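Please take a moment to look over the sequence and the model before reading on. The paragraphs below are meant to be read alongside them.

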Amino acid sequence: MPKTKRRQQVEDVAMVPLDWLEERSGLVGATKYFLFRKVPAETNWFHTLGSATLTAFIVQLVTGVILAMYYKPDPENAYASIERITNDLTLGWLVRGMHRWGASVFIILLFLHMGRVFLFGAYKYPRELNWLLGVFILLLAMLEGFTGYLLPWDQTAYWATVVGININANAPIAGPFIADFLRSGTEIGVDTLARFYSLHMLLIPGALIGLITLHLYLVIRLGVTPPPWTEQAGGYEPTENGGKPARAGLVNPTPRGNGNGEVGRERVDR
Amino acid sequence: MADEPERPEPGREEHEPHVPASTIGPFAFALGIALVLLGLIVSWPVAAVGGGIAVIAGFLWMRDATRELRGLPEGPPPSRTIDEDEADEEEGPARYPRNVFLEGATLGIGAAIGVVVTLPALGFMVLPAFTGQEYDPVDLGPLDNFPADQWVIAKFKSVSDEPPDVSRRTVFARNNGETQDGQPSFTLISNRCVHLGCPVQPQGLTEEGRTIDTEGGPVELLNTAPNGFGCPCHGGAYDTEGNRTAGPPVRALDRYEYSIVEGRLVLGTPFSVAEVQGTGADAVMEAYKVVDPGQHVDGLEAYFYPYVP
């Protein structure tokens, strides 16, 4: 449909703020690149597990920030503030429930996502580094669970943390030092709760945000892996590198392609 | 392209950076606004003058700023000639160029600032956990409360100025009477399970408690008659000397040093025990620095934990 002059004017007006932003930041182009990048034709619902995990993490961030507005991380007030959040404050039960159950959802989705990546072979060259980043994200997520578990400061939280710290203490050589660092001393004391709170809501989430950013950057740079039953083998990048062999696995997988669309040429180097 | 040397065609000017024309407009406008605000406080005429300046300057500023949009030619572009780099390319004796020096200076100063800021912060994060680890002596009250050959559960505050939630500890105390050389003897066993730190319970009936006041806070005393100790978490079991009889624990229960001051039982530093030989006043054991539950203090496995903070 040819654009009328009126329509063109409206579009120009709408584009003025976007053009202003793009000229000064390049963010519009970057967003377009992110949203409209190529993905394999055979992506399926299993490919959404990564986004689902990210969504669960964002839910934890948002609800955690809100809970921090009412929670008091010292031994004399912690449990009372949790009771107040759950029983007295409007909708507090909901937000705390989202955070509490969302924590489990986050960990479960992490493992499902990890299983998808493993079963689809998506950890192979050139994506090994992204698997390693994912492993560190998993470790930090479990550390989030460990540190968050103490915060209600009830009997379950206290003794579970006693046992958890003492399990850490049994690591050879470093164990006693890890345990003393976590407890801030030889026994769980007045500083332990605040220390766990700081780790839980500042240090580990910051590290997680950084790692997830790197993880997403590599996903965008390296492209999405097609499922193993794909028929798309032998893809290549026809235009951008002048017909040279494409980097394996980019956008379209390149298990055997020689860059000219020929598939199945024998390897001569072995 | 934008970095070609010749001036672009008139139709391609939009690819050039939009440098605002040099104008006094914004400054005069800001001055006018400041005068208005000042005048609102001191006098109306000043505000009126400021308003006039602001309106005139704002009009001039807008006229300059919208020059391009209205299709008028822009003012003269800022002229700068950057060809001094060419001179640096000449062959010459080896020298230490400015950019290498600046690179090194930036990295060096940045690293120095990073170290100066980071090391104290990291030290503050880590070191307090490893300093001041001494145990305060705890007064458990007069010796009358500990009749001979009778187990007493004593619940006390290990640190007097901490809230009871975090510093309440329990010790199982038994007055053994006198040793062979006439000294008073107590068995003082910590209730911290040496598997993973849960509180062990006496296996036997416990009588109603009574509370006595000491300088360190109230101490709750309960008579009991256990035939051993058991842990509810993972089923660790100990006999009345604290030796492991079943379950996952790796050593005997920790014990406390003690002293008797003016007729009162005073709890000292806890210590770890591998195994206790003998019973009651005749018990013999080797005392190790207190370590976390689950860690061996003797045998081959002790080499897993060569350093104890």
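What follows goes from chain B to its interface with chain A, and then to one histidine of chain A.

This is a predicted model, in which local features need pLDDT of at least 70 and side-chain atom pairs count only at pLDDT 80 or more, while totals for chains, interfaces and linings use all residues. Residues are numbered from 1 along each chain as its sequence is written, chains are lettered from A and ligands numbered from 1 in the order in which they are written, and side-chain values use heavy atoms, with hydrogens and water left out.

Chain B has 5 helices and 13 strands, where helices (H or I, at least four residues) and strands (E, at least two) are DSSP runs numbered from the N terminus. Of its 309 residues, 33% count as buried, a term that stands for under 20% relative accessible area, with exposed meaning over 50% and partly exposed in between (1.4 Å probe, protein chains only). Chain B exposes about 19700 Å², of which carbon and sulfur atoms supply 59%, as computed by the Shrake-Rupley method with a 1.4 Å probe.

Turning to the interface, 26 residues of chain B are in contact with 29 residues of chain A, contact meaning heavy atoms within 4.5 Å. The two chains bury about 2500 Å² between them, 60% of it on carbon and sulfur atoms; this buried area is the accessible area (1.4 Å probe) that two parts lose on being put together, summed over both. On the side of chain B, the residues that lose the most area to chain A are B:V166, B:L196 and B:D292, together 20% of what that side buries.

Across this interface the rule finds 2 salt bridges, each defined as a side-chain nitrogen of Lys or Arg within 4 Å of a carboxyl oxygen of Asp or Glu. A:E187 forms a salt bridge with B:R169, and the closest N and O atoms are 2.7 Å apart. The elements that give two or more residues to the side of chain B that touches chain A are helix 4 (98-126) and helix 5 (164-167) of chain B.

Within chain A, A:H99 lies in helix 5 (residues 92-119). With a relative accessible area of 18%, A:H99 is buried. Leaving aside residues up to four places away in sequence, A:H99 touches A:Q60, A:T63, A:G64, A:L67 and A:H200. A polar atom of the A:H99 side chain lies 3.4 Å from the backbone nitrogen of A:G64. By contrast, A:F120 is 21 residues from A:H99 in sequence and 31 Å from A:H99 in space, C-alpha to C-alpha.

How values were computed: Polar contact = N/O pair within 3.5 Å; in protein donor to acceptor, adjacent residues only side chain to side chain.
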